[in-house]
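User: I would like to go through this model with you piece by piece. Could we begin once it is on the screen?

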Amino acid sequence: MIMEQSFLGNALIYLCAAVIAVPVFKRLGLGAALGYLVAGMVIGPWGFELISDVDAILKFSEFGVVLLMFLIGLELNPKKLWQLRRPAIGLGGMQVVGTTLVLALLGFLLGLGFTAAMIIGAALAMSSTPIALQSLEERGLARAGVGISAFAILLFQDIVVVPLLAIVPLLEPGAHSSRGDGWAAALEVFAFFALIVIGGRFALRPILRFIASTRLREIFTAFSLFLVVGAGLLAEAVGMSMALGTFLAGVLLAESEYRHELELNIEPFKGLLLGLFFIAVGMSVDFSLLVEEPALVLGLVALLVAVKILVLLPVGRLAGHVRTDRLLLGALLSQGGEFAFVLVSVALGASLLEPELAALLVVVATFSMLTTPLLLYLYDRFFYQKAGKQVPRPSDVVANQGHVIIAGFGRFGQIIGRFLMSLKMPLTIIDHDPNHIEFIRKFGYKVFYGDATRLDLLEAAGADKARLLVLAMDDADAVYTAAKIAREQFPNLTILARARNRPNVNDLRELGVTLVKRETFASALELGELALRELGFGAHEAHRAAHKFRTYDEKMLVASAAFRGDEKKSIDYAKKSREQLERLMSADEAEHVSDKDWR
């Protein structure tokens with residue numbers, strides 16, 4: 001009973017600290033992360049001493065980072081992850097190697113040995129994944145160019161920390177490792193990847209389908225958490241980070257039909273535990289070193305942040321970002337990360353670092369985390385406003401009554417926009433990629449920056465006064481999310497949506513979006529009509545055939561919605577429909593088809 005009271009009492013303290021601090025810091029424009037960190041300092045051993053067992057809370061709260069990486073994995077299917085290989089290796093490699101070498105050189109000049117200097121450089125080269133990603137999400141930049149670059153660098157850091165953790169213990173004086181042990185470790189890692197890939201591809205979907213068929217939401221939630229914890233512990237057992245293991249599990253489930261349900265179940269736990277992680281980091285700050293050596297600690301923190309920003313600026317330039325985005329990338333990744341604590345701990349256990357030096361490094365890494373929200377505040381205050389002259393903030397959008405909102409101004413959205421502009425229709429155009437916006441503004445287009453999946457952006461764009469909302473983004477998930485928000489919050493707004501394929505059409509129609517068009521269907525059908533003419537069909541005959549095919553295909557699409565979620569029935573229906581379509585298209589008398597033929 002005493003233990004239960006202690007647990008509930010601590011939980012009450014955490015919740016109270018977060019509820020008070022975070023809204024205040026958000027209102028001041030300093031971000032939620034700094035609010036959590038300061039809350040942890042206040043209730044921790046160096047504050048009011050309301051919580052004493054910091055290590056246990058920090059270990060438990062790291063699960064929030066694990067959940068975050070799983071959700072990120074769900075956003076990236078294997079194809080998208082493969083597309084990130086070049087920015088991850090190129091940008092991430094430049095950042096890690098460049099920062100490591102610069103910091104190691106500074107450490108060597110300050111009198112450290114070569115091995116210790118390299119370990120310190122590698123440890124402090126890592127950035128904080130939760131702080132950077134949380135800051136990107138708060139600004140709606142996760143899918144923007146700078147967000148993708150930041151994520152690619154963080155992904156490389158998460159991967160490269162695995163060999164670093166394996167190499168550091170081998171540097172211990174007198175340490176040796178047999179070839180058999182090395183092969184055994186390699187086989188364990190290979191077995192982990194094989195199990196994740198094979199299990200995620202062939203075993204998880206049937207299990208998820210079985211659990212979903214029970215229609216017990218709490219069981220599905222329990223299995224979702226079991227999946228994340230299991231993947232994380234399995235990765236940790238073979239010497240990898242839990243975060244990387246759960247990230248891979250998320251990637252393999254990114255194309256699953258249960259992806260959205262998994263996101264909904266994991267998201268609340270992720271938010272709470274990630275906040276707890278920041279609180280625990282704030283509680284773990286050792287202010288005694290700051291009191292004893294304030295100039296040394298603050299000087300090292302400033303040096304670390306400055307070095308990382310100076311390395312990241314050319315990395316951002318290589319990625320093709322504009323000056324303001326390069327500054328943002330530097331501010332986002334300028335801090336030390338949670339992996340610094342792990343690497344320093346491993347090096348300390350291998351007698352490669354002195355205890356006093358290890359304690360100093362932990363304090364420097366922790367205080368560097370505190371600088372990120374402040375740097376982002378300064379960026380928003382001074383640099384983002386200057387960039388706003390070229391790329392306005394969402395709040396700068398001023399919309400007239402009865403206008404049309406176009407979300408997404410790529411190759412698809414530009415055709416719609418140019419067509420409506422030629423008729424002098426009032427438009428509000430928004431896009432989430434600042435580099436793309438800067439480029440197309442050179443051609444005279446007035447495009448505002450913003451993420452259409454955010455309610456505040458839609459409100460600022462005047463969705464409550466608009467006649468139409470055209471969702472033309474190239475991200476099918478973003479179109480679905482924006483359509484769902486707009487349908488719920490603006491029921492009188494007419495929504496026109498771009499769909500990538502037939503399942504996307506049915507997803508959007510389930511939301512009540514009836515004006516949905518597949519992005520390549522019309523142009524492909526027009527090309528097919530031209531093909532018939534080249535094959536000897538008359539112009540009228542080819543046009544009539546294309547019209548019949550369009551009519552039948554639309555009816556098939558509507559009817560196929562009844563078999564969603566049942567792969568076998570969907571396949572059988574597709575085969576029968578194709579055969580029936582061939583008969584109808586070849587029959588001269590089949591001018592129209594009754595509804596009963598499509599049941």
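User: Where is Glu-488 found?
Analyst: In this predicted model, Glu-488 belongs to helix H22, which covers residues 476-489.

User: Is Glu-488 buried or exposed?
Analyst: Glu-488 is exposed, because its relative accessible area is 52% and the cut-off for that class is over 50%.

User: What separates Glu-488 from Leu-511?
Analyst: Along the chain they are 23 residues apart, and their C-alpha atoms are separated by 9.1 Å. For Gly-512 and Glu-488 the sequence separation is 24 residues, with 10.0 Å from C-alpha to C-alpha.

User: And where does Gly-512 lie?
Analyst: Gly-512 sits in the loop that links helix H23 (502-510) to strand S6 (515-518). With a relative accessible area of 35%, Gly-512 is partly exposed.

User: Let us turn to helix packing. At what angle do H24 and H25 pack?
Analyst: Helix H24 (residues 521-534) and helix H25 (residues 539-560) pack at about 145 degrees, and their axes are 9 Å apart. The crossing is right-handed.

User: Which residues make that contact?
Analyst: On the H24 side they include Phe-521, Leu-525 and Leu-532. On the H25 side, Ala-542, Ala-546 and Phe-549 are among them.

User: How do H6 and H15 pack?
Analyst: H6 and helix H15 (residues 294-318) pack at an angle of about 145 degrees, with 9 Å between their axes. H6 passes H15 in a right-handed crossing. Among the H6 residues involved are Leu-91, Gly-98, Val-102 and Leu-106, and they meet a set in H15 that includes Leu-304, Val-307, Val-311 and Val-315.

User: What else does H6 contribute to?
Analyst: H6 (residues 85-109) supplies the largest share of a nonpolar patch, 3 residues. That surface patch is about 490 Å² and is made by Leu-105, Phe-108, Leu-109 and Phe-114. Leu-109 is found in H6 and counts as exposed, because its relative accessibility is 62%.

User: What about Lys-270, buried or exposed?
Analyst: Lys-270 counts as buried, because its relative accessibility is 4% and the cut-off is under 20%. Its place is in helix H13 (residues 259-283).

User: Which residues are in contact with Lys-270?
Analyst: Apart from its neighbours within four places in sequence, Lys-270 is in contact with Gly-64, Leu-67, Leu-68, Leu-71 and Glu-137. For Leu-68, the C-alpha atom is 6.0 Å from that of Lys-270, although the two are 202 residues apart along the chain.

User: Why is H12 described as largely enclosed?
Analyst: Helix H12 (residues 242-252) has 11 residues, of which 10 are buried, so the rest of the structure largely encloses it. The buried residues include Met-242, Leu-244, Thr-246, Phe-247, Leu-248 and Val-251.

User: On to the backbone. What is the phi of Glu-49?
Analyst: The phi of Glu-49 is near 55 degrees, a positive value in a residue other than glycine. Most residues other than glycine have a negative phi. Glu-49 lies in the loop between helix H2 (32-43) and helix H3 (54-61), and Glu-49 is exposed, with a relative accessible area of 61%.

User: Finally, the whole chain. How many helices and strands are there?
Analyst: The protein chain has 26 helices and 6 strands. Of its 599 residues, 48% are buried.

User: And what is the accessible surface of the protein chain?
Analyst: The accessible surface comes to about 30,500 Å², and 64% of that belongs to carbon and sulfur atoms.

User: What share of the contacts is between residues 24 or more positions apart?
Analyst: Among contacts with a separation of 6 or more in the protein chain, 75% are between residues 24 or more positions apart.

Notes
Residues numbered from 1 in each chain as written. Predicted model: local features only at pLDDT ≥ 70, side-chain atom pairs only at ≥ 80, totals over all residues. Heavy atoms only, no water. Patch = residues over 30% accessible without salt bridge, like charges linked within 9 Å, V, L, I, M, F, W, Y side chains within 5 Å. Areas by Shrake-Rupley, 256 points an atom, 1.4 Å probe, with all protein chains shown as cover. Salt bridge = Lys/Arg side-chain N within 4 Å of Asp/Glu carboxyl O. Helix = DSSP H or I, 4+ residues; strand = E, 2+ residues; numbered from the N terminus. Buried < 20%, exposed > 50% of the residue type's maximum accessible area, 1.4 Å probe, protein only. Axes fitted to C-alpha atoms, helices over the stretch in contact; angles between N-to-C directions. Left-handed = near helix turned anticlockwise from the far one by under 90°. Contact = heavy atoms within 4.5 Å.
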